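User: I am new to this structure and would like to learn how to read it. Could you walk me through its features one at a time?

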Amino acid sequence: MRIDVLTIFPDYLAPLDLSLVGKARRSGLLDLAVHDLRDWTADRHRTVDDTPFGGGAGMVMRPDVWGEALDAVLADDDAGQPAVLLVPGPGGEVLTQRTAEELAGARRLVIACGRYEGIDARVAEHYATRPGVEVREISIGDYVLNGGEVAALVVIEAVARLLPGVVGNPESLVEESHGAAGLLEYPVYTKPPEWRGHAVPEVLTSGHHGKVARWRRDRALERTAARRPDLLARLAPDALDPADRRV
Ligand code: 6GU
């Protein structure tokens, strides 16, 4: 997969050199480039924003600068490859594991990080008319950030770990929260068996695989009911079996 990020704060994306994403880049599984939007400005002050038509507080990012930048990045390298243009912002569709799975199937992601009050709306409108470009406005939750950079980090991490070969043990993608079961993950424990007066639940040291599986499923159901009843309500009718506790 190829990912291009456009931002006025390229340094904000420095963590993409680290950990699993950094390793995926170095091994060639992920081709990721971060671009400074100001490289496509034409004036002495490298201006990217202006006052909003209709009035109001704050500044809006200019469509002409974004147009030059996106044209150049979309034309670069694998020109013609279908691309998903992601525009992070609090007004977008909320990112879920489903979204991450869909995005992991794309050949190219281009992430346009806005600042201030956002990007002139004509940019999303224009690129949505480009053949081979799908525009998705994405929010990472119901709170307000100062710009799209942190959201870009979130999307890239959520997507990169789904790419074949990036996570060493694909099994670890199966049982986790928001996975196939639609439940939150059960609590996990390791050594020592007793710590500050807290013991590891006995069933986990029993060696009885069936009982361990039942206990984990019950804890996942219990936790989901307590913390995310909305997820339980959205489970498919056949997702619960008669052995599941009445939560
Ligand atoms: Cl993607 N951007 C901004 N600025 N605020 C947000 C967000 C994104 N997602 C939630 N809040």
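User: What pLDDT does the chain average?

Analyst: First the idea: pLDDT is the predictor's confidence in each residue, from 0 to 100. Where pLDDT is low, the predicted coordinates should not be read in detail. Here the chain averages 94, and 96% of the residues score at least 70. For the complex, the predictor gives an ipTM of 0.97 and a pTM of 0.94.

User: How many helices and strands does the chain have?

Analyst: Both are DSSP runs numbered from the N terminus: helices are H or I with at least four residues, and strands are E with at least two. By that rule the chain has seven helices and nine strands. Its C-alpha atoms fill a box of roughly 70 × 40 × 40 Å along the principal axes.

User: Which domains does the assignment give?

Analyst: Domain bounds come from an automatic or database domain assignment. In this chain, domain 1 covers 2–160 and domain 2 covers 180–239. The C-alpha centres of domain 1 and domain 2 lie 37 Å apart.

User: What share of the contacts joins residues 24 or more positions apart?

Analyst: Two residues are in contact if their C-beta atoms, placed from the backbone, lie within 7 Å. Among contacts in the chain with a separation of 6 or more, 75% link residues 24 or more positions apart.

User: How do I read burial, and what percentage of the residues is buried?

Analyst: Count the other C-beta atoms, placed from the backbone, within 10 Å of a residue's own: 20 or more means buried, 12 or fewer means exposed, and in between is partly exposed. Of the 247 residues in the chain, 26% are buried.

User: Which residues are closest to the ligand?

Analyst: A residue is near a molecule if its C-beta atom, placed from the backbone, lies within 6 Å of it. The ligand is surrounded by 13 residues, the closest being P88, P90, S139, L145 and A151. Two elements, β5 (83–94) and β7 (133–139), each give two or more residues to this shell. The largest share, three residues, comes from β5.

User: How many residues of that shell are nonpolar, polar or charged?

Analyst: Ala, Val, Leu, Ile, Met, Phe, Trp, Tyr, Cys and Pro count as nonpolar, Asp, Glu, Lys and Arg as charged, and the others, Gly among them, as polar. The shell around the ligand holds eight nonpolar residues, five polar and no charged.

User: Which residues does UniProt list for "binding site"?

Analyst: UniProt positions are given in the numbering used here, with shortened feature names, and annotations may be inferred rather than shown by experiment. The unreviewed entry lists G114, I140, G141, D142, Y143, V144 and L145 as "binding site".

User: Is G114 buried or exposed?

Analyst: G114 is buried, because 25 C-beta neighbours lie inside 10 Å. G114 sits in the loop between β6 (108–112) and α4 (122–127). Beyond residues up to four places away in sequence, G114 touches M61, V87, G89, I119, G147 and G148.

User: And where is L145?

Analyst: L145 is in the loop between β7 and α5 (149–160). With 15 other C-beta atoms within 10 Å, L145 is partly exposed. Setting aside neighbours within four places in sequence, L145 is in contact with V150 and A151.

User: What does W215 touch?

Analyst: W215 touches P201 and V203, not counting residues up to four places away in sequence. W215 is found in helix α6 (residues 209–227). R223 lies in helix α6 too, and the C-alpha atoms of R223 and L183, 40 residues apart along the chain, are separated by 8.4 Å.

User: Which residues are joined by a cis peptide bond?

Analyst: K191 and P192 are, with omega about 5 degrees. P192 is in the loop between α5 and β8 (194–195).

Note on methods
Residues are numbered from 1 along each chain as its sequence is written. This is a predicted model: local features need pLDDT of at least 70, side-chain atom pairs count only at pLDDT 80 or more; totals for chains, interfaces and linings use all residues.
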